[in-house]
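Thanks for coming, everyone. Please have the sequence and the model open side by side.

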Amino acid sequence: MLKHTTRRHKNMKIGFIGLGIMGKPMSKNLLKAGYDLVVYDINKEAVAEVTAAGAKEGRSAKDVAGQCEYIITMLPNSPHVKAVVLGENGVLEGAKPGSILIDMSSIAPMVSKEIAAKLAEKGMEMLDAPVSGGEPKAIDGTLSIMVGGKKEVFDKCYDILSKMGASVVLCGEIGAGNITKLANQIIVALNIAAMSEALVLGTKAGVDPEAIYKAIRGGLAGSTVLDAKAPMVMKGNFKPGFRIDLHIKDLANAIETGREVGVPLMLTSQVMEILQALKVDGKGQHDHGGIIQFYEKLAKVEVRK
Ligand code: NAD
């Protein structure tokens, strides 16, 4: 479902920093929607691809921020966002007062708050706006975007965000976007683990995994996760998508946040250890659907069609 126009948005320049699996298609959707983009990434190939689609190249995060009222970041984790925003040649050094940082990376909620406070000292605003939906929905512009920040800043950024997402929801103050994303990541990880355990059991007990999938997908056990991951698993396709390494990062942030606010996360901690075992086994770059390989190894059976 594409919903772009080629109307130009006069005088509105958006900076986009971080052109990876997600940032590349998200930035291209903003270009298709008619925004002027200035982009930056340490990966020159990624920059070349997005400039070929119509963006201008910035020399650094500082340079990008100096040219734009809205600056979007889509980076791996908290340390990357801190470095790009607060570090040398970073956003804070170049940004004009009144400009808005929209950090769409999934990072620790406490770090979102810390960065927003530093930006406020320079008269800048910030939203934390992580996403769910993975590369396919980033390409279609149908991500689910969960946002933290002031309502008036959210309202100003809504049009931009809606070019990348089918749902854009204000969840609360700064940090609330990333808290919501942690909830999302717990549910996704536990769902994949449950699916893996179940399909390995069914397969080793002699039932065709495809029959199991077809029989249960319309019932209470059916889910977006099951529909996305069961077909991949049965083909042995573990190409990311969403890498196990990134899910380890998200669950580490969830467990740390659980400690901060006083919530024990028993199931999350177990799946975290499964992810760690897969990483040690050299599978950190696999899609998180690869969680099934942990169960397959234990049970000595493969769930394949
Ligand atoms: P990625 O690793 O593919 O992309 C990150 C990009 O940031 C890379 O192009 C990298 O070169 C760039 N980068 C790193 N450090 C930089 C720096 N100092 N300056 C400039 N550029 C820098 O990651 P991704 O899969 O696109 O994920 C980005 C974020 O979105 C992560 O927080 C991830 O958890 C989240 N996310 C990913 C998915 C998914 O399916 N891939 C889904 C939802 C959310």
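**Starting from one lysine**

Lys 150 has 36% relative accessibility, so it counts as partly exposed. Here are the cut-offs: buried is under 20% relative accessible area, exposed is over 50%, and partly exposed is in between, with a 1.4 Å probe and protein chains only.

Some ground rules. This is a predicted model, where local features need pLDDT of at least 70 and side-chain atom pairs count only at pLDDT 80 or more, while totals for chains, interfaces and linings use all residues. Residues are numbered from 1 along each chain as its sequence is written, and side-chain values use heavy atoms, leaving out hydrogens and water.

**Salt bridges**

Which residue does Lys 150 meet in a salt bridge? The partner is Glu 125, at 2.9 Å from N to O. A salt bridge here is a side-chain nitrogen of Lys or Arg within 4 Å of a carboxyl oxygen of Asp or Glu. Glu 125 sits in strand 6 (residues 125-128), and Lys 150 in the loop between strand 8 (143-148) and helix 8 (151-162), so this pair ties together parts 25 residues apart in sequence. Glu 125, at 25% relative accessibility, is partly exposed.

Why do such pairs form at all? Side chains of opposite charge can pair when their charged atoms come close.

By the rule, the count is 17 salt bridges. Take Glu 210 and Lys 305: their closest N and O atoms are 3.9 Å apart. That pair links distant parts of the chain, 95 residues apart, with Glu 210 in helix 10 (residues 209-216) and Lys 305 in the segment after helix 14 (292-299). Glu 210 is partly exposed at 30%. Lys 305 is exposed at 57%.

Next, Lys 283 and Asp 281, with closest N and O atoms 3.1 Å apart. Lys 283 counts as buried, at 17% relative accessibility. Asp 281 is partly exposed, at 33%.

There is a network too: salt bridges link Lys 24, Lys 28 and Glu 49.

Cys 171 is in no disulfide either; its nearest cysteine sulfur is that of Cys 157, 15 Å away. Buried or exposed? Cys 157 is buried, at 0% relative accessibility. Cys 171 is partly exposed, at 33%.

**Two domains**

The assignment gives domain 1 (2-174) and domain 2 (180-299); such bounds come from an automatic or database domain assignment. Their centres, taken over C-alpha atoms, are 29 Å apart. The contact takes 14 residues from domain 1 and eleven residues from domain 2, where contact means heavy atoms within 4.5 Å.

What area is buried between them? About 990 Å², with carbon and sulfur atoms giving 59%. Buried area is the accessible area (1.4 Å probe) that two parts lose on being put together, summed over both. Ile 21, Ser 106 and Met 146 supply 33% of what domain 1 buries against domain 2, more than any other three residues.

Now the polar side. Four residue pairs are in polar contact between the domains, both residues at pLDDT 80 or more. On the domain 1 side that touches domain 2, helix 6 (109-121) and strand 7 (131-132) each supply at least two residues. A polar contact is a pair of N or O atoms within 3.5 Å; within protein, one must be able to donate a hydrogen and the other to accept it, and residues adjacent in sequence count only if both atoms are side-chain atoms.

First stop, Asn 178, in helix 9 (residues 176-204). Asn 178 is buried, at 1%. Its side chain makes a polar contact with the side chain of Ser 112, at 3.0 Å. Leaving aside residues up to four places away in sequence, Asn 178 touches several residues, among them Ser 106, Pro 109 and Asp 128.

Second stop, Phe 294, in helix 14. Phe 294 is partly exposed, at 23%. With residues up to four places away in sequence set aside, Phe 294 touches Ile 274, Ala 277 and Leu 278. From Phe 294 to Gly 20 is 27 Å, C-alpha to C-alpha, across 274 residues of sequence.

Note on methods
Disulfide = S-S within 2.5 Å. Helix = DSSP H or I, 4+ residues; strand = E, 2+ residues; numbered from the N terminus.
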